[in-house]
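Trainee: Could you take me through how the parts of this structure pack together?

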Amino acid sequence: MPRGPGTYNRASADRSTRAGEQRTLNTNETAANAESPVIERVLVVGAGTMGSGIAQVIAQASIRTTLTDADTVSLERGLAAIASRWERQAATGRCSAQDAAGFNANLSPGTIADAARVDLVIEAIIENLEAKTSLFRELATIAPPPTLFASNTSSISISTLGRASGRPDRVLGLHFFNPVPVLPLVEIVRGLETSDRTLAASVSFVEAIGKTPIVVSDSPGFVANRVLLPMINEAIFALQDGVAPKESIDDVIKLGMSHPMGPLALADLIGLDICLDILETLHRDFGDDKYRPAPLLRRMVGAGKLGRKTGMGFYEY
C-alpha cells in the first residue's frame with residue numbers, strides 16, 4: 001500500500017475498508033436484505049458429543065433432523081445419549097412427556113445418502129482438514145445444488161472447505177459450543193465466497209433453534225478459539241513449569257477473573273486432543289510461536305489422557 005504523497009487518499013481508503021468490513025459482518029443488514037431459503041430438514045454428520053448435541057437442539061425446535069455417523073456404534077451411542085437427556089428433562093419437569101415424545105419423533109438415524117433430501121447438512125466429525133474435505137466432496141455428489149453445507153469446525157478454514165464442496169457460496173461455519181443444549185452461542189463463520197443468501201438463512205436458522213448467532217470472518221480459530229486456546233495453552237505451560245498446582249491455576253482464573261470454570265478443567269471438557277488440534281491449526285496458519293502447543297499437552301494426548309471423555313485428563317473423572 002502506498003504511504004507517500006500522491007493521489008492516494010488514505011482516509012478515503014480506510015473508510016472504504018471499514019465499510020466493506022461492515023457489509024461483511026453486519027448480520028442485521030444482510031439478513032434483512034437477502035431472500036433466504038427456509039430450512040426444514042437437516043442432516044447432522046457425526047454423532048459424537050458435538051454432533052449429538054447439535055441434533056438434539058435442532059429436533060427440539062420442531063425441525064426434522066437426521067443423525068448419521070460412519071461408525072454404527074457411535075451413532076447408536078449418540079442417539080441413546082439424546083434420548084436419555086430428553087427422559088431426564090421430562091422426569092425433572094423441564095419438558096412434558098408429550099414434548100419429549102415430539103422431540104423423538106423429529107429425530108431419526110440415517111446415512112450420508114440422506115443429504116439428497118435435506119435443506120442443510122451440518123458436519124460435526126473429527127477436527128481434521130483431510131477428513132472434512134473428503135466428506136464435503138462426497139456430500140457434493142449426493143446433495144442437490146440448493147442444499148447448504150455447514151461445518152462445526154473449531155478452527156479450520158471455511159473457505160478451504162467451500163472450495164472442496166464445489167459450492168463455496170453455499171458453505172459456512174456453524175460453530176456450536178459444548179455442551180450444545182446449554183450454551184447459547186453459535187459462531188457463524190462466513191467464508192470468502194459465502195453468499196448473503198446463505199448467511200441470512202443461517203442466521204434465521206440459528207435463531208429458530210433458540211441460539212444466539214454472532215457472525216465472524218473466516219480466520220484461523222475465528223474469535224472464540226483464537227482468544228480461548230492461547231489462555232488454555234498458557235495455563236498448561238504454567239502447570240508444566242511448576243508455577244502452581246492445577247487446582248491453584250484454575251482457582252486463580254475462576255476467583256480472579258470470574259470465569260465459571262478454570263482453563264485446565266475447561267480443556268478436559270473440550271477434550272485435550274481437540275485443544276491440540278486447534279492449537280496446531282493456529283500455529284500452522286498464523287506461523288506464530290505464541291500458538292505453539294505446550295509439550296505437556298502433546299504428552300497427555302499421546303498417552304490417551306484426553307479429559308472427561310476418557311475419564312482422565314488434568315483431573316480424574
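Mentor: A nonpolar core is a set of buried Ala, Val, Leu, Ile, Met, Phe, Trp, Tyr and Cys residues joined through side-chain atoms within 4.5 Å, where buried means under 20% relative accessible area with a 1.4 Å probe, protein chains only. This is a predicted model, in which local features need pLDDT of at least 70, side-chain atom pairs count only at pLDDT 80 or more, and totals for chains, interfaces and linings use all residues. Residues are numbered from 1 along each chain as its sequence is written, and side-chain values use heavy atoms, without hydrogens and water.

Trainee: Which residues touch the most other members of the largest nonpolar core?

Mentor: That core has 37 residues. Its largest share, 6 residues, comes from helix 3 (residues 49-60), helices being DSSP runs of H or I, at least four residues, numbered from the N terminus. The residues touching the most other members are Ile58, Leu174 and Phe205.

Trainee: Is valine 44 buried or exposed?

Mentor: Valine 44 is in contact (heavy atoms within 4.5 Å) with residues including Ile54, Ile58 and Ile122. Because its relative accessibility is 0%, valine 44 counts as buried.

Trainee: How are helix 4 and helix 5 oriented, roughly parallel or roughly antiparallel?

Mentor: Helix 4 (residues 72-91) and helix 5 (residues 97-106) pack with their axes 9 Å apart, at an angle of about 165°. Axes are lines fitted to C-alpha atoms over the stretch in contact, and angles run from 0 to 180 degrees between N-to-C directions. Angles over 145 degrees count as roughly antiparallel, so helix 4 is to helix 5 roughly antiparallel.

How values were computed:
Helices (H or I, at least four residues) and strands (E, at least two) are DSSP runs, numbered from the N terminus. Angles under 35 degrees count as roughly parallel, over 145 as roughly antiparallel, 65 to 115 as roughly perpendicular and the rest as oblique. Buried means under 20% relative accessible area, exposed over 50%, partly exposed in between (1.4 Å probe, protein chains only). Lists of a residue's contacts leave out its neighbours within four places in sequence.
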